[in-house]
Amino acid sequence: MQNKDFLGLFKNKKPIIGMLHLKGTDKEDRYQRFLRELEIYVNSGIDGVIVETYFGTYSSMEQALNYLAENKIKIPYGVNCLNVDTMGFYAAEKYNADFIQIDSVVGHVKPRDEETVQAFFDYMRPQFHGAVIGGVRFKYQPMLSVNTVEQDLEIAKGRCDGICVTQDRTGQETSLEKIKEFKAQLQDFPLIVAAGVTPENVKKQLKYADAAIVGSYFKDNYQDNGELCQEHINELLQVVKEIRSEQND
């Protein structure tokens with residue numbers, strides 16, 4: 001199917017997307033935390049958000065998405081339903097999300113099962129109005145491919161609208177070598193750095209990548225289990241504003 005314009009969802013070039021991890025002690029605590037974090041993100045000028053079942057449950061994700069849909073939030077929002085991609089597609093369409101993130105779109109299954117993965121995307125993507133971004137050689141995902149990186153990236157381009165790249169774990173800096181390797185193959189196809197972005201490395205990374213997803217750096221302890229920190233958001237977004245300004249000169 002024809003690719004959708006993922007980057008076209010955002011007002012700014014080099015968009016920064018903040019994670020909503022749905023942390024909390026129970027469903028109500030997760031929801032109230034989600035509301036606080038969303039307000040911080042929106043007021044900070046973040047370009048988009050992703051609701052993810054990282055700490056929370058599926059029902060918590062639905063509650064958050066329902067709020068976003070009903071209140072017509074002014075920035076694009078996405079969904080990542082970890083480990084059950086079918087329900088991610090379902091929730092994204094049900095709650096009018098702009099995009100869905102899938103942790104791996106190729107190479108995470110035995111080679112004999114790649115046809116099944118292809119059939120899954122052929123079936124699910126036409127049922128979703130939004131864009132799909134997906135990982136290749138992504139953190140925590142099995143790497144069972146017998147293909148080269150270049151071959152898998154080419155396959156991935158047919159299964160999603162943007163490629164997510166990480167190193168090996170949450171919060172770990174994604175190597176510039178890996179980003180450059182991916183971009184050399186992808187060319188104009190969108191590349192999103194999805195882990196380990198900081199004010200110190202974002203200029204180098206966004207020289208090649210087209211967007212970034214940020215979670216851990218935005219927390220007060222620079223870890224996924226921390227509290228969302230206004231100061232850290234401001235620090236990163238200030239550098240990104242400088243990048244955009246330099247590109248417009």
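Predicted model: local features only at pLDDT ≥ 70, side-chain atom pairs only at ≥ 80, totals over all residues.
User: Start with α8. What span should it have, and how far apart are its ends?

Analyst: Helix α8 covers residues 230–248, 19 residues in total. At 1.5 Å a residue the helix should span 27 Å, and its end C-alpha atoms are 27 Å apart, so the two agree. The expected span is 1.5 Å times one less than the number of residues. Helices here are DSSP runs (H or I, at least four residues), strands are E runs of at least two, and both are numbered from the N terminus.

User: Which residues of α8 are buried?

Analyst: His232, Ile233, Leu236, Leu237, Val239, Val240, Ile243 and Arg244. They cover an arc of only 155° around the axis, which puts them on the same side of α8. The arc is that of the directions from the helix axis to the C-beta atoms. Buried means under 20% relative accessible area, exposed over 50%, and partly exposed in between (1.4 Å probe, protein chains only).

User: And what sits on the face turned away, and what covers the buried side?

Analyst: The face turned away carries the exposed residues Glu231, Lys241 and Asn248. The cover over the buried residues includes β1 (16–20), α1 (27–44), α7 (202–206) and β8 (211–214).

User: Now α6. Which residues are buried there?

Analyst: In α6 (residues 176–186), they are Lys178, Ile179, Phe182, Lys183 and Leu186. Seen down the axis, these buried residues fall within an arc of 125°, so they line one face of the helix. Glu177 and Ala184 are exposed on the face turned away.

User: What covers that buried side?

Analyst: The cover includes β5, α5, β6 (162–165), β7 (191–193) and α7.

User: What happens just after α6?

Analyst: Gln187 takes a positive phi of about 55°.

User: Switching to pockets. How much space is in the largest one, and what lines it?

Analyst: About 360 Å³. It has 25 lining residues, of which His21, Lys139, Thr170, Ala194 and Ala195 lie nearest its centre. β4 (99–106) and β8 each supply at least two lining residues.

User: Is His21 buried or exposed?

Analyst: Buried, because its relative accessibility is 6%. His21 is in the loop between β1 and α1. Its side chain makes a polar contact of 3.1 Å with the side chain of Lys219. A polar contact is a pair of N or O atoms within 3.5 Å; within protein, one must be able to donate a hydrogen and the other to accept it, and residues adjacent in sequence count only if both atoms are side-chain atoms.

User: Where is Ser145, and which side chain does it have a polar contact with?

Analyst: Ser145 is in the loop between β5 (131–136) and α5 (149–157). Its side chain has a polar contact of 2.6 Å with that of Asp152. Ser145 is buried, with a relative accessible area of 15%.

Conventions:
Residues numbered from 1 in each chain as written. Heavy atoms only, no water. Contact = heavy atoms within 4.5 Å. 1 Å grid on protein atoms, 1.4 Å probe; cavity = no way out; pocket = protein on both sides within 12 Å on 5 of 7 lines; lining within 4 Å. Points joined across faces, edges and corners; volume = space filled by probe spheres on them.
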